[in-house]
Every structure is written in C-alpha cells, then in structure tokens.
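Have the model open as you read along.

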Amino acid sequence: GVQTCALPICPVPQRTVGEALRHWAKVLRTVTPQRFDESGDERSPRWWDMTFESKAAELAMRAIAARNGTDTSPVLLAAYAVALARTIGRNPVVLQLAVSNRFRPGFAGAVTPLAMATPCMLDIADITFDEAIGRAYRAAMTTYLHSYYDPLQRVALIEEINTERGEEVDIQCYFNDRRDPGRVAPTGPP
C-alpha cells in the first residue's frame with residue numbers, strides 16, 4: 001500500500017516507511033543512550049564552529065581511497081567515526097547523515113530542500129583503519145537505503161523507545177560531507 005507522509009505531496013510506499021522505521025528502532029535500541037559526557041566547560045558560546053583545511057589531509061585521503069579502491073567519502077566518514085569513538089569512548093559510533101531524497105519519484109519538480117537526517121551506526125572496535133573504511137561504506141549505504149520515512153512516525157517511534165528505555169537516547173551528532181560533488185566517483189565497496 002501507499003501511505004502519505006507528513007507532506008501530502010509525497011506518497012511513500014508503506015514498505016519503505018516500515019523498513020526505515022525498523023532501521024531507526026534498531027539503532028535507538030542498540031546504542032548507549034547518552035553518547036556524550038557533560039563537559040563542565042561553561043564558556044560561552046556553548047557551541048563552537050571549527051574549520052580544518054589541509055592539503056596534506058586531502059592528499060592522504062586520496063591515497064588511502066585509491067589503496068582501498070573507493071571514493072574519499074567513506075575514508076572521511078571512517079576518520080570522523082574513529083576520532084569520535086576515541087573522543088567519547090563509546091562504540092558503536094552513531095551519527096546522523098544528511099541524505100538527499102530528491103532522486104525519489106515525484107520530487108524532480110519540487111521546490112524545496114529534500115534531505116532527511118538518518119542514523120548511521122558504525123562498530124569500529126578492534127579493527128584496522130582500512131576495515132573501518134569498509135564498514136563506513138556499508139553503513140552509509142544502509143543509511144541511504146533507509147533515509148525516507150514519515151517524520152511524524154519517526155517522532156512517535158523515538159518517544160516510544162525513550163519511554164521503553166527509561167531515558168532519552170541521544171543521537172544528536174551529525175556528519176554531512178559537503179565537499180565538491182566533482183570529486184572522484186566511487187568505484188565500489190572497499
């Protein structure tokens with residue numbers, strides 16, 4: 001059957017919605033509810049923005065991607081996940097990817113941003129960095145596959161699981177690779 005999501009112009013197959021919500025449920029039921037410890041740092045502003053630019057990092061990423069037969073996106077995602085896991089001391093790492101849904105039928109003429117944040121879970125304990133790249137690639141593909149859901153049903157699911165677990169599950173960590181889309185195309189899974 002077809003179910004209409006929160007936006008009446010976007011019919012979504014119920015199977016697609018159900019699979020996406022099962023993905024959300026698996027992540028929300030698997031992860032440690034509190035992803036980050038309180039910092040105790042009371043400086044203002046609370047949120048800081050950091051930019052890192054490095055020719056050497058770009059060259060290293062390209063070399064690692066070539067060695068693994070992949071694009072630089074899973075290399076960057078793996079590096080971020082490994083750094084995050086070491087910083088927060090928790091595994092699996094969970095972050096949300098911003099996924100464009102403009103490719104879906106019926107959206108080509110829509111005049112609106114069509115991206116949804118969807119959780120990406122990476123188990124990177126006790127593996128090499130090259131293995132982390134492979135896992136990042138597969139986790140990203142799984143995330144992209146489950147990136148279309150009814151936002152109202154997602155909210156209800158999150159509330160249900162928070163109640164079930166007795167605390168709020170924090171997945172407020174995002175990764176959005178916004179580099180130039182003209183970079184080298186992926187050649188397949190590493």
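## Salt bridges in the helices

Glu 19 is partly exposed because its relative accessible area is 29% (buried is under 20%, exposed over 50%, partly exposed in between, with a 1.4 Å probe and protein chains only). Its salt-bridge partner is Arg 15, with the closest N and O atoms 3.3 Å apart; a salt bridge here means a side-chain nitrogen of Lys or Arg within 4 Å of a carboxyl oxygen of Asp or Glu. Arg 15 counts as exposed, at 64%. Both residues sit in helix α1 (residues 14–30), four residues apart, about one turn of the helix. Helices are DSSP runs of H or I with at least four residues, strands are runs of E with at least two, and both are numbered from the N terminus.

Glu 58 is partly exposed at 25%, and Arg 62 is partly exposed at 41%. Elsewhere, salt bridges with shared partners join Arg 29, Glu 160 and Glu 164 into one network. In total, the whole structure has five salt bridges.

## About the model

This is a predicted model, in which local features need pLDDT of at least 70, side-chain atom pairs count only at pLDDT 80 or more, and totals for chains, interfaces and linings use all residues. Residues are numbered from 1 along each chain as its sequence is written, and side-chain values use heavy atoms, leaving out hydrogens and water.

## The largest pocket

The largest pocket holds about 2000 Å³ of space. A pocket is an open set of points on a 1 Å grid over the protein atoms alone, where a 1.4 Å probe fits, with protein on both sides within 12 Å along at least five of seven lines; lining residues have an atom within 4 Å of a point. The volume is the space filled by probe spheres set on the points, which are joined across faces, edges and corners.

Its lining has 41 residues, and Trp 48, Met 50, Tyr 80, Cys 173 and Tyr 174 lie nearest the centre. Helix α3 gives the largest share, eight residues. Cys 173 is buried, at 7% relative accessibility.

## Backbone details

Asn 91 and Pro 92 are joined by a cis peptide bond, with omega about 5°. Pro 92 belongs to the loop between α3 and β3 (93–100). Asp 126 has a positive phi of about 55° although it is not a glycine.
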